[in-house]
Amino acid sequence: MIRTTRSPTTARAAALGALVVALAAGCGGQADENDEGITQGAGSGSSASDDGGGETGDDTAASDGGGSASDAGSDTAGSEDAAALPADADLATEQLPVPAEEAVGIAVQTAGGGETVSVSIDHDDDHGWVWEIEVAVDGQEHDLDIDATTGKVLEHDEEDDEVDDPAVDVTSPMTPREALDLVVPEHDGRVSGWDLDSDDGAIRYQVDIESSDGEDDVEVDVDVSTGEVRVED
């Protein structure tokens, strides 16, 4: 029988070799786990970032949608959904859905520019409250009727006519509200209409007062420059 005898040195070397192999295998597995963990972490972070981007995109889309809704609302809601004032409304206390400044803007845009030379508001049996505005453009006179509830141009007539009347402005030096505030305390009744134009070169408001006591209606002039109030004979 032949016996093989290993020296202690040889045995120790073999054991050390086995330990190194085992440790290498273990470290390799841990490295794989770490690598996988890192990969998963990066992937999760990327996914979270992508999801966040998606949410941001959704927010942006929602914002854009909100803008579109706002634009659509501006186009469709506006004055067309406003309630028309009754025929017996008092313009001293009631606000027209389309105010004077907006109506003038519509008239000037429709006429293609120019200067406003007269503005009036009155109630029409067929169309309700209507703005009547005259605009002068390059030797032409544009007469426009604008629905005071919807802003729709009801009528637009133009003719060759050199207008010499001075331009008027519903915002300066006196607004319709300021003119009415001067007139109403002095005269009882309902403001049934008014107009802004010129008389002998002087720009003035003429306010129509419907008497509440059955007496004759009154027309009151207000000079926009001086604030002077005068009852029309």
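Modeller: Let us begin with contacts: two residues are in contact when they have heavy atoms within 4.5 Å. Apart from neighbours within four places in sequence, Ala202 is in contact with Asp197 and Asp223. The C-alpha atoms of Ala202 and Asp223 lie 7.4 Å apart, although 21 residues separate the two in sequence.

Biologist: What should I know about the origin of the model and its numbering?

Modeller: This is a predicted model, in which local features need pLDDT of at least 70 and side-chain atom pairs count only at pLDDT 80 or more, while totals for chains, interfaces and linings use all residues. Residues are numbered from 1 along each chain as its sequence is written, and side-chain values use heavy atoms, with hydrogens and water left out.

Biologist: How is pLDDT to be read, and what is its mean in the chain?

Modeller: The pLDDT is the predictor's confidence in each residue, from 0 to 100. The mean for the chain is 76, and 65% of the residues reach 70 or more. Confidence is lowest in helix 1 (residues 8-76), with a mean of 40, and highest in helix 2, with 98. Over residues 18-78 the pLDDT is below 50, and this stretch has 3 contacts in the model beyond near neighbours in sequence. Residues 1-16 also stay under 50, with 0 contacts beyond four places in sequence.

Biologist: Is Ala202 buried, partly exposed or exposed?

Modeller: Buried means under 20% relative accessible area, exposed means over 50%, and partly exposed lies in between (1.4 Å probe, protein chains only). Ala202, in strand 6 (residues 202-210), counts as partly exposed because its relative accessibility is 33%. Of the 233 residues of the chain, 28% count as buried.

Biologist: How is a pocket found, and which residues are closest to the centre of the largest pocket?

Modeller: Rolling a probe the size of a water molecule over the atoms shows where empty space is left. On a 1 Å grid over the protein atoms alone, a pocket is an open set of points where a 1.4 Å probe fits, with protein on both sides within 12 Å along at least five of seven lines; lining residues have an atom within 4 Å of a point. A volume is the space filled by probe spheres set on the points, which are joined across faces, edges and corners. The largest pocket has a volume of about 300 Å³. It is lined by 15 residues, of which Gln95, Pro99, Ala100, Pro176 and Arg177 are the closest to its centre. The largest share of the lining, 3 residues, comes from helix 3.

Note on methods:
Helices (H or I, at least four residues) and strands (E, at least two) are DSSP runs, numbered from the N terminus.
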